[in-house]
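Dear colleague,

I am handing over the structure below, and I would be grateful if you could read my notes beside it.

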Amino acid sequence: REKKMVRPRLLVVSMSLPVTAKRTGEEAWSFTMSPGGLVSALLGLKEFETKWIGWPGVDVHDAVGKKALSIALAEKGCIPVFLEEVCDQYYNGYCNNILWPIFHYLGTPPEYRNDGTITYQSQYDAYKKANRIFFDVVNEHYQEGDVVWCHDYHVMLLPQYLKEYNSKMKVGWFLHTPFPSSEMYKTLPSRSELLRSVLTADLVGFHTYDFARHFVNACMCILGTEATSEGVVDQGKFTSVEVFPIGIEPERFINTSKLSEVTEYMKKFKSDFGGRKLILGVDRLDTIKGIPHKYQAFEKFLEENEDWRGKVLLLQIAVPTRNGIGEYQKIKDQCHGVVGRINGRFGSISSVPIIHLDCSIHFHQLCALYAITVSQFAGAGQSLGAGALLVNPWNIKEVSNAIGEALIMSPEEKEKKHQINFQYVKTHSTQQWADDFMNKLNEVTSKAELETGKAPHELPQHDVVQQYSKSKNRLLILGFYGTLTKPNKNQERKDEGMNLELHPQLKERLKGLCSDPKTTVVVLSRSEKSVLDQNFGEHDMWLAAENGMFLRHTAGEWVTKMPENMNLEWIDGVKQVFKYFTERTPGSYFQASETSVVWNYQYAAKDMLQHLWAGPTSNASVDVVQGRYSVEVHSVGVTKGSAMERILGEIVLQNKSITTPIDYVLCIGNFLGKDEDVYTFFEPELTKKTMSSPYYGSGPLKKVSSTLVDVKGDNYFSVAIGNTHTKASYFLDSSDDVVQLIHKLCTHNNP
């Protein structure tokens, strides 16, 4: 017998289920299809066994009712989330009173003045609790291998809860609204927590490139993340950010329009409308849909085009949403008032210019109306631009003119524009949208699974000490900031800044470590020479300042190890740009060394980066590196890994009597991504090469042979501090762990 193919399971998580439940008895329920773009879009997910998790649209407080509803919904592939007492402050509060207005550029509303129990914090607490409830339901039904697709701003904390519980879970998040500019998003309470949670998802999706760009900019400005052409890097973890234009299911409309019932509706509507031109508007009743603006533009058109009065009808279907919120009752009342005024001015006994319906209509009737319309107002300007008349909805005169242009457009022009739009809709269908998102999510997670085997392990300190004790010539490479300094308590500021000081418990222990003649210690930092002198000058070790551009043993003088022909003419220009923005950015400062300039800031660096790229760095051979709240400019190729050959060459020059190859390497740091090449420099399979580079010209360095380093696999330990998304083989949580490790090594030196 042919084995039945098992479809992959997809858990769709959204605020609402695709059906709305109504209780008809103690254990009886009836259901109606819910309106909304998300419901229509996900009808295209036919290749998965889909389970839909969401609120059933009604609060159920008794156990009997919950059980009966759950059983009834299970037959429809749905799983209810019971929000009960948190629903009001979660949904009507934080979601619709705070998130929704900010995402739609309406700003943050004032605190409730007449109810001290309703505050931003109480609404956010309800939001967190509701997301926890969603998590509990997902966790209850999750099976290994399931894909979880989270939808919209109602569940922005859910990706983090899911990943914290199971890091291998495949999680995607898609936003069905605009994502605002970073300037607007900054006004949001708990802005950082929401961004951090969304970034734990494997894939983050948006409708348009503008929305995706706003999200990436917000992450950069608020969290100090790094941005790439494909997404965001946060604390070493990459999150893919992509654009997926959502569409409809065109075949459903095409097939339905051929039904005899729809054909009869078309004949009836044409008869009812008495030969008038029909303009159809189908929108949810939201403040951002611009329905009152549409009416005002239509009123303007009728004022200026007397010949069209009685010959054109605007039919507006205003699908009700969020009925429990006062703002929506206001917009509803406003629409009714404007419609009444216009119909009173331009209507007659036999006809009115506007029909406004506060309801959704049957799909067959909707298809019939679409089929006989001249034009429709829809929020798809960015998608249907080539085949539409684009207008500024705030410009009443412009919209009025566009109405007139559409009404007198030739049949040939209408057909041309229709074909453009039709082809776009067919290409960007719901099925295509869903397939594109799921294919990308599978691609991203598959890549992550391949890299999981490379994920670092917690450093086995016993093995580190044991191999250390057996070795004869050890090399210890230590970063400075975040490695030998106090732990950074503010996780949003993770760059080297002012007042770098050695961890207070390390001073004596470093002396003990450096006193062992079998051990060579190198502090490798992007800090200036004076900073390293101040902190390590009394220790018997090597100091590599400005990422190895300057090198000295503490018993000698600084030696310049810059590559030949390095051009530093760009530095003065960069200093001027940094100085300009420092004077205009509170809390920022810049540090200039001989080979690089670093600007440390608290807020956005976008404008400053544009000045750099257009000015002093436009034709210079430099790297512009954005870290957490800092921007560094230095010559191309200046990394800690590239510095190691120069460092080793200098060590050989000053210790010509070396007869024993380096057989043990411990490399520990809290480095930027660009500097993590130092971790792979000493990989055993790479150290057998002759360690020289034509980039640095001729000279003694070329004479350093592979016999200088002979490290076996179990004698090399690369360690990242506080970062598990790294090229290093191991990790430690903080510099406190480094203190403990050095103490153990010193104990071996001085038992």
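**Salt bridges and a covered strand**

Within helix α11 (residues 291-304), E304 and K300 are four residues apart, which means that about one helical turn separates them. Please keep in mind that this is a predicted model. These two residues form a salt bridge in which the closest N and O atoms of E304 and K300 are 3.3 Å apart; E304 is partly exposed, with a relative accessible area of 38%, and K300 is also partly exposed, at 28%.

D675 forms another with K640, at 3.2 Å between the closest N and O atoms, where D675 lies in the loop between β26 (664-669) and α23 (677-681) and K640, 35 residues away, in helix α22 (residues 640-654); D675 and K640 are both buried. The count of salt bridges comes to 29, and a network of them links E299, E303, R341 and R345.

Strand β8 pairs in the parallel sense with β7 (residues 170-174) over three bridges, with W173 opposite V204, and four bridges join β8 to the parallel strand β11 (residues 237-243), where S240 stands opposite L203.

Best regards

Terms used: Residues numbered from 1 in each chain as written. Predicted model: local features only at pLDDT ≥ 70, side-chain atom pairs only at ≥ 80, totals over all residues. Heavy atoms only, no water. Pairing = 2+ DSSP bridges. Helix = DSSP H or I, 4+ residues; strand = E, 2+ residues; numbered from the N terminus. Salt bridge = Lys/Arg side-chain N within 4 Å of Asp/Glu carboxyl O. Buried < 20%, exposed > 50% of the residue type's maximum accessible area, 1.4 Å probe, protein only.
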